[in-house]
Amino acid sequence: MGARVIIVSNRVAVPDSPRTPLAGGMAVAVKAALKNRKGMWFGWSGKVSDEPVETSQAVEVNKVTYVLIDLSKSDIQEYYNGLANSVLWPTLHYRVDLQEYSRADASGYMRVNRMFADRLGALLNEDDVVWVHDYHLMLLGRELRSRGHRNRIGFFLHTPCAPPDILQTLPQHKEILGGLTYYDLVGFQTENDRENFAHYLTTIGAAQVRGGVFEIGSRKVRLGAFPVSIESKAYMRLARNAGRSALVALVRESLGGSRLVLGVDRLDYSKGIPDRVKAFERLLENNPEWRGRVTLLQITPKSRSDVKQYGEIESEVTGLIGKVNGQFGDAAWTPIRYVNRSYSRTVLAGLYRAADVAMVTPLRDGMNLVAKEYLAAQDPEDPGVLVLSEFAGAAKELDRALIVNPHETDAVAAALKRALEMPLAERRERHAPMVAHLLENDIRKWAEDYLAALVEGAPARNLLAGIRALFGVSSDQAPFAIR
Ligand code: F6P
């Protein structure tokens, strides 16, 4: 049997049917990674059960095998709500103040990582290439190694990576973050994230660096930056068609000529929604001529609702939006429309195309694919304007957006005014190079670059066979240059 690519992540998005468009960045990324390859996506079924079934459930859709496992209530509480989302998530997003650590949660995290290794290990072939995603599964590589698996195993962190001074506030950081050194390749969104972790390994982890390889005892790990992207071409097509949909027409009509500013984020404190609302309020305060002529549509599906900090951000956002609407709204105009639900990929693409401005202003974000999707969704003849936080990974690539510091309310309000008033020639001139960049650097390239780098470091005797099997090419066809 040839090499398969095995994707592992906490959440698995099984398409309802072969025709349903894929939702979510991770689902699109997995699709790209498995394109033209044999593969499997392994992870949590999303079901919580007090007696999880011992055997994994497998389904096949569009030639991808999805293997799902259930988790118990205590697994969810300790591993997902606990260590992953109350400790690792805030720490990786530079929010040490929001960490809520407990030993019980840490041992639940380790237990679930071991369970993933047991279940996945039973399904692995020797030449499978394993690609693990995100902070929920930092210890999976170590657990697979301790069970004797010698496969190529890589890890990709979708979140930011904070600098060493912040990482070391994480209790048990040597064990948890040190777990990443059992992988062959650890991928990050940006060079900055990569450097932060490299610095952590060399200072706190006492790693030696030889030829770009970080050595800790007998372990050898490589680090790289691989900015995640979108299916650029397909998304442009989707938005062109969705822009003509009935729902988008209805939204436009309901605005009655008012300009549309759009925000789309999970309800998460890292997204900077309160700061954005304050900036919008400042725009209305400072520029009375815009009152009644601009509407912020904030689409914010609730997220991780069992985690305390998420309940708090919900009350804060609701209170702030109520205040702005009460102060500036009138019977015929609501300044901010706030919607706690998610929309299909198609509807969102249509709304992006209809929006004059997108505000993507997180306080800290690994990448933020809303920024990339918004640009891809625009009509190139009459594009909207992206206002983008300098603290989103996407800002490193999308440098013709209006880049802002989300903490500086006046500056964000001024950028918003500038975006609303920007002449067509400038909008086009900013939009074109960013879209060209997205077409060249799409999700397929991301997956190919990562997998090529993962296989590249394989022991010499397996290298060529591994690459050929992985990329499905015969011995005389090189898929790309090996750097
Ligand atoms: O990296 C963040 C991430 O894992 C994204 O890939 C995804 O959009 C989001 O978090 C989903 O969070 P959750 O599974 O907790 O709802």
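Mentor: A polar contact is a pair of N or O atoms within 3.5 Å; within protein, one must be able to donate a hydrogen and the other to accept it, and residues adjacent in sequence count only if both atoms are side-chain atoms. This is a predicted model, where local features need pLDDT of at least 70, side-chain atom pairs count only at pLDDT 80 or more, and totals for chains, interfaces and linings use all residues. Residues are numbered from 1 along each chain as its sequence is written, and side-chain values use heavy atoms, with hydrogens and water left out.

Trainee: How far is the side chain of Tyr 80 from the ligand oxygen?

Mentor: An N or O atom of the Tyr 80 side chain is 2.5 Å from an oxygen atom of the ligand. For Asp 134, a polar side-chain atom lies 2.8 Å from a ligand oxygen, and for Arg 304 the distance is also 2.8 Å.

Trainee: How much of the ligand does the protein bury?

Mentor: The protein buries 71% of the 400 Å² that the ligand exposes when taken alone (Shrake-Rupley method, 1.4 Å probe).

Trainee: Changing topic, which domains line the second largest cavity?

Mentor: Domain 1 (5–229 + 442–471) and domain 2 (232–440) both contribute lining residues, so that cavity lies between them. The bounds come from an automatic or database domain assignment. A cavity here is a set of points, on a 1 Å grid over the protein atoms alone, where a 1.4 Å probe fits but cannot get out; lining residues have an atom within 4 Å of a point.

Trainee: Which residues are in that lining?

Mentor: Among them are Gly 25, Ser 229, Tyr 235 and Glu 373.

Note on methods:
On a 1 Å grid over the protein atoms alone, a cavity is a set of points where a 1.4 Å probe fits but cannot get out, and a pocket is an open set with protein on both sides within 12 Å along at least five of seven lines; lining residues have an atom within 4 Å of a point.
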